[in-house]
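Good morning, everyone, and thank you for making the time. I would like to walk you through one chain, beginning with the whole and then moving to a few places inside, so please keep the picture in view while I talk.

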Amino acid sequence: MALLVGLVLVGVTAVPYLLATLTAQPGTVFTGTLMNPEDSQTYFAKMLQGYDGRWLYTIVFTAEPHQPTFLGGFYFFLGHVARWTGLTIVTVWHLARAVSVLLLTTAVYGFTAFFVADRRIRLTGFLTAVFGAGLGWLLFLLNQPYWLDTFPVDFKMPEAHLFFTSLTFPHIILSTALLLASFWALLQAFAHQDNPRGWAFAALASVVNLSLSILHPLLVYLIVLTGGLYWLFMSIQARRILWREGFLLVAALVLPGLLNLYYGYTLLTNDVLRGWDAQREATVSPPWPHLLLAYGPLLLLAGMHAFRQWRSGAKLSARWLFLWTWVAATVLLVYAPLNSQRRFVQGVHVPLSILAAAGLVEVALPWLLRTRPLRAILAHDRYSEPGLTRFFIALFLLVISLSNLYVFASVSTSAIIQQPDPLFRPTDEVTAVQWLRDNTSRTAVVLGDYETGNYVAGQAGNPVVLGHWAETIDFAAKTAVVAQFYSAAASDEWRQAYLNETQAQYVWYGPRERMLGGFQPETAVYLRPIYRQGTITIFKVDNSPASIDN
């Protein structure tokens, strides 16, 4: 079942990318990604450096010299895979996305089966987790797409629901699978805390958490808080401190702890990396009513199941306690005073789907089938209780998946009709970037417009003066200075001094740069055209000893 659903999900989520490739307008080339083009190029830049045989990241979206560091190791690995196999960077990226989707669906099914023995609940929870979303589509029906000045979670936050996640980036998809694997290994460690298998599972959890720290370091916060709260709740239930489980939890965090200490040390000692971190955009959570709209239906069904357990006097099992603990930890983190609040919803759709499936099958549907209208229908021979149960489960899955239909249609429309720049690049740009890749040193700095620099750094591997809103140090100031460079008002003496300060060896001149101002680089004696094709000219800089007068 998991493999079949995984293959379906791989096929469905590949459709927009295939359409984009096949329908690219003449004179343009599809870049390979359909969302977040600027960050996408940072992933490609890491893959490119891996392709060149490196494992330490040199930030090529800024021109300042700095020490390379181990960061984004997953994409470096994919770059090595591209070199070993002879496949293109983009091909390996898409293969990684497909494999990650298969691993995610397998992890979701295995995680669900670990908690649920009943086949109907297990299958319902699994399909809800993979294909479900929220009720954001209601805001569109009510003509309130920006309710509370915020776009609905279903359509804005890929980490909120797994279908949307599967349309995005390999590291987000795979990190969700690893999150599930980490929690499973920790629970197994606790379950076998009286024998050596407990320590083996704790070691496995530590390795998984190390991998998770490489892919998505922020999720370690979620691991620590969820595991810590779960240990606390179990100790409260047992009315004693569970020392052995506590030590197993610590063991599961040893390896990621060491890596995160390395990250912290690097931030303290690497000025460029610290500047990058300081410019990272805050991904704050939306107003709580939006999260309630995204997860409300699942929370309602999960609450019905919890209320039924409480009314019956049944003790909450350790496994169900863990699912609620994960939800509680997410609630705490999404509004914690952290820079990346919204990231912590990643994966929470899975425990909510399991809890909701139990509420639907064990509480909501039995109550519904006992109502007078349904009893009247069941009086007819052609209807049966199992048949109506299957019908209502299918209806629930359809309603809970409607937002994903919009997401799929939106991405497909972008791929076929809108084809926005810079997701689709002019052929002249692609050809010129390949020339830089083939004919220049990997350390040769290129000056160009922001969108130019973003693509050059990601696809040619050259450092650029301006190329990413976070990874370009002093981004706002450089944006203004680059615009000044291409304006007609700047003097040649000033331009020469700026080229010398940034150590730029090449100046890119194309349609994007023309829009910045009236500079005519052909008239500059310190620039020599070295490449010219179509709308793009690349100039070689003659070094000058001048200095900038600020």
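Please bear in mind from the start that what you see is a predicted model. Is N454 buried or exposed? With a relative accessible area of 1%, N454 falls under the 20% cut-off, and so we call N454 buried. If we leave aside residues up to four places away in sequence, N454 touches P37, E38, Q41, F61, R425, L466, G467 and H468.

Now to the chain as a whole, which has 25 helices and 6 strands. Its radius of gyration is 27 Å, close to the 24 Å that the globule rule gives for 550 residues, and so the chain is as compact as a globular protein of that length. Along the principal axes, the C-alpha trace spans about 90 × 55 × 45 Å. Of the 550 residues, 54% are buried, and of the contacts with a separation of 6 or more, 72% are between residues 24 or more positions apart.

The last stop is strand β6, residues 536-541. How many of its residues are buried? The count is 6 of the 6, and therefore the strand is largely enclosed by the rest of the structure. In a regular strand the side chains alternate between the two faces of the sheet. In β6, I536, I538 and K540 point one way, while T537, F539 and V541 point the other way, and all are buried.

Which strands are joined to β6? Strand β4, residues 504-509, is joined to β6 by 4 bridges, and the two run antiparallel; here Y509 stands opposite T537. Strand β5, residues 527-533, also runs antiparallel to β6, and 6 bridges join them, with R532 as the bridge partner of T537. Finally, β5 and β6 form a hairpin with 2 residues between them, and in that turn G534 has a positive phi of about 60°.

Note on methods: Residues are numbered from 1 along each chain as its sequence is written. This is a predicted model: local features need pLDDT of at least 70, side-chain atom pairs count only at pLDDT 80 or more; totals for chains, interfaces and linings use all residues. Side-chain values use heavy atoms; hydrogens and water are left out. Buried means under 20% relative accessible area, exposed over 50%, partly exposed in between (1.4 Å probe, protein chains only). Contact means heavy atoms within 4.5 Å. The radius of gyration is taken over C-alpha atoms; the globule rule is 2.2 Å times the number of residues to the power 0.38. Two strands pair if DSSP finds at least two bridges between them.
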